[in-house]
Amino acid sequence: MASSSIFATIGAWLANGPGILFLSTLVASLVLVWDWRWALGGATVVMLGISTLSAALHDPVPAVTGAQWVTALVSSLLLGLSAYFHRPGVIVPPHGNWLLRSLALGFLAGAWWVLDPGVALPTFTRVETDLLIWIGLCSALMLGLSAAPFYNGIGLLLLTTVAQNIAAVLLPGSGLAVLIGIAQILLALGCAYTVLAQPARSSKWQMISTSKSSARNREESVEPTGPRPRLPRLFPGRAAQPGPVSRIKEPAETLNAAPSSTSPKISAEEGI
């Protein structure tokens with residue numbers, strides 16, 4: 001009961017209006033501020049805050065709340081290590097800019113304000129239900145606005161955290177919350193492996209140094225001293241055009257050829 005009282009004491013700081021507003025604003029900032037450090041820290045705070053809020057309002061088994069804390073910390077550690085060891089070459093696929101994310105989040109908040117679902121889960125208060133739905137919608141928005149495996153992992157962690165919290169309160173003795181926690185760790189492990197498996201992109205200074213070294217290597221290369229190979233002709237079947245033949249050469253050739261034709265007659269006359 002001591003551990004349960006510790007979780008409940010921490011959750012009592014969030015089981016009020018400012019605490020709920022803090023968690024809602026923090027989840028919304030994960031969509032607007034597109035930075036992996038902020039996303040990792042904010043998602044960890046949100047996951048721990050939901051579990052402690054549930055411990056303060058519903059007083060579940062301390063082992064379940066402890067399992068939620070362990071799951072959140074291990075999952076965040078896996079994603080954080082993968083993003084840290086993949087610097088500075090983390091390739092982030094194209095995602096919406098801040099204006100698009102702001103419009104999407106504003107449209108979602110406006111639709112929420114106009115429609116006002118007004119639903120409440122069994123044994124949950126309406127404010128707590130709205131918080132869980134808001135976290136699920138923001139995580140789905142993160143999944144839709146980016147194809148990066150890191151941010152996909154953050155969105156999946158938040159979605160599974162909502163499902164784990166609901167299962168821990170509605171089905172306390174089924175062990176479903178523990179199974180969801182194991183699935184959450186496996187999802188974080190898979191997303192971390194995908195982050196590390198991405199090809200690293202060189203930073204700006206590395207690209208400049210690489211280009212300079214390649215240019216220096218080209219300058220230092222020695223050209224071959226042997227005869228240059230003859231390039232193939234553009235039209236190999238076309239022979240070179242012969243130059244003009246001088247008219248003096250033609251009579252010379254005819255004169256040279258004439259004695260050869262009359263040589264038998266000359267030899268015959270000499271014999272006579």
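Q: Which residues of α8 are exposed on the other side of the helix?
A: In this predicted model, Leu-179, Leu-186 and Tyr-193 are exposed on that side of α8, where exposed means over 50% relative accessible area, buried under 20% and partly exposed in between, with a 1.4 Å probe and protein chains only. Helices here are DSSP runs of H or I with at least four residues, and strands are runs of E with at least two, numbered from the N terminus.

Q: And which ones are buried in α8?
A: The buried residues of α8 are Ala-177, Ile-180, Gly-181, Gln-184, Ala-188, Cys-191, Ala-192 and Val-195. Seen down the axis of α8, they fall within an arc of 115°, so they line one face of the helix; the arc is taken from the directions between the helix axis and the C-beta atoms.

Q: What do those buried residues pack against?
A: They pack against α3 (36-58), α4 (62-85) and α7 (149-170), with contact meaning heavy atoms within 4.5 Å.

Q: Before I go on, how are residues numbered, and what pLDDT do local features need?
A: Residues are numbered from 1 along each chain as its sequence is written, and side-chain values use heavy atoms, with hydrogens and water left out. Because this is a predicted model, local features need pLDDT of at least 70 and side-chain atom pairs count only at pLDDT 80 or more, while totals for chains, interfaces and linings use all residues.

Q: Switching topic, which residues have the most contacts inside the largest nonpolar core?
A: That core has 42 residues, and those with the most contacts inside it are Ile-135, Phe-150, Ile-154 and Leu-158; a nonpolar core is a set of buried Ala, Val, Leu, Ile, Met, Phe, Trp, Tyr and Cys residues joined through side-chain atoms within 4.5 Å.

Q: What does Leu-158 touch?
A: Not counting residues up to four places away in sequence, Leu-158 touches Leu-30, Ala-43, Val-46, Met-47, Ile-135 and Ser-139.

Q: Back to Phe-150: is it buried or exposed?
A: Phe-150 is buried, with a relative accessible area of 7%, and together with Trp-34, Trp-36 and Tyr-151 it forms one aromatic cluster.

Q: How many aromatic pairs are there?
A: The count comes to 4 aromatic pairs, where rings of Phe, Tyr and Trp (its six-membered ring) pair if their centres lie within 6.5 Å, and planes under 30 degrees apart count as stacked, over 60 as edge-to-face and the rest as tilted. The rings of Trp-36 and Phe-150 have centres 6.2 Å apart and planes at 85°, so this pair is edge-to-face.
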